[in-house]
Amino acid sequence: MLRPAPVCSRPPHRPKPTVAPSTFLLRDLRLVTLDGPEGYVPLDDAAVAVVDGRIAYAGRREALPDAYRGLDPVDGQQALLTPGLIDCHTHLVFAGDRAGEFEQRLNGASYEAIAKAGGGILSTVRATRAADDEALLHESLPRARALVASGCTTLEIKSGYGLTLADEAKMLRVARRIGDAFGVTVRTTFLGAHAVPPEYAGRPDDYVAAVIDWLPVLHADGLVDAVDAFCERIGFTAAQTARVFEAARGLGLPVKLHADQLSDGGGAALVSTFNGLSADHVEYTGDDAVAAMAAAGTVAVLLPGSYHCLRETKQPPIDAFRRHGVPMAVSTDLNPGTSPVRSLPL
């Protein structure tokens with residue numbers, strides 16, 4: 001069942017509690033747990049016991065074990081405390097912006113038309129290639145900081161704006177550094193098959209071969225946790241995507257996919273045959289593919305930021321996902337062109 005994403009919040013008129021030691025009892029707060037049969041369960045008058053920096057108890061204060069009642073108390077000031085949020089689909093590392101494209105879309109240009117004219121992904125590729133590691137990190141940190149401040153403790157970050165071995169590696173290195181900078185978990189996804197770069201124009205199969213050659217190099221350097229592709233009529237065919245996925249499977253890497261965003265290209269069905277982690281976007285996914293996702297345990301990742309930014313009229317088949325028992329997740333799709341989640345230098 002799809003549920004609204006929780007938000008970690010504190011009433012703005014209340015001062016922040018003092019920094020707690022590594023062992024303490026957090027009390028007087030509202031707590032959300034995952035204990036209920038329907039998922040999130042809100043609890044009023046809750047308590048959280050932390051021992052040596054690890055949560056030892058989280059639940060109703062009245063049920064707090066005696067062993068934790070003597071811990072130093074910290075006033076939660078009625079803050080809402082939730083499990084850490086997971087943003088499982090971001091393009092957080094990039095340089096430049098695509099502000100001009102928003103005006104084009106307001107004037108009627110489609111995402112596909114802008115991409116075919118050399119804008120879209122390739123516009124960001126040019127800016128990202130021109131940035132070195134430090135410049136790319138400098139531009140990306142505020143975006144990550146905003147997500148962490150909103151309660152995210154795990155971020156998935158894709159490459160895909162380099163489209164050369166050196167530039168894809170650069171993006172993945174910067175993604176790793178973001179995790180270190182904020183003390184959060186970062187999972188990196190190699191998205192070399194995001195678009196055909198200018199130097200391979202008209203030769204997508206040759207570019208796919210290059211992507212497959214880069215994958216073991218990046219994997220050997222410890223930069224890849226998963227592999228993704230853009231399976232779409234302005235991206236890569238199902239057959240080309242399958243070649244990339246076969247290479248990933250040969251290295252023991254899990255796959256996920258930008259699937260059926262602009263048309264039903266069979267992406268969700270394809271990623272299911274590889275027992276993919278997820279099929280993302282899925283606006284045009286058909287019922288047979290939904291059944292395949294259910295059988296494979298592939299998660300449907302819904303990306304409403306992109307959906308609304310592009311003014312899509314075709315909606316993801318949420319009712320079908322529910323009917324077939326496909327697990328669903330919601331993510332930001334943070335990217336410069338179709339889901340420019342606001343970045344605040346907090």
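**View 1. D333, in the segment after β13 (328-330)****.** Here D333 sits past strand β13, and strands (E, at least two residues) and helices (H or I, at least four) are DSSP runs numbered from the N terminus. This is a predicted model, where local features need pLDDT of at least 70, side-chain atom pairs count only at pLDDT 80 or more, and totals for chains, interfaces and linings use all residues. Residues are numbered from 1 along each chain as its sequence is written, and side-chain values use heavy atoms, with hydrogens and water left out. The phi of D333 is near 55°, a positive value in a residue other than glycine. D333 counts as buried because its relative accessibility is 2%; the cut-offs are under 20% relative accessible area for buried, over 50% for exposed and partly exposed in between (1.4 Å probe, protein chains only).

**View 2. N275, in the loop between α8 and β11 (278-281)****.** N275 is not a glycine, yet its phi is positive, near 50°. With a relative accessible area of 57%, N275 is exposed.

**View 3. Helix α7 (residues 238-250)****.** Just after α7 comes G252, with a positive phi of about 75°.

**View 4. What covers the buried residues of α7****.** The buried residues of this helix are Q240, T241, A242, V244, F245, A247 and A248. Their cover includes strands β8 (185-193), β9 (226-231) and β10 (256-259), plus helices α6 (204-220) and α8 (267-273).

Conventions
Expected span 1.5 Å × (residues − 1). Contact = heavy atoms within 4.5 Å.
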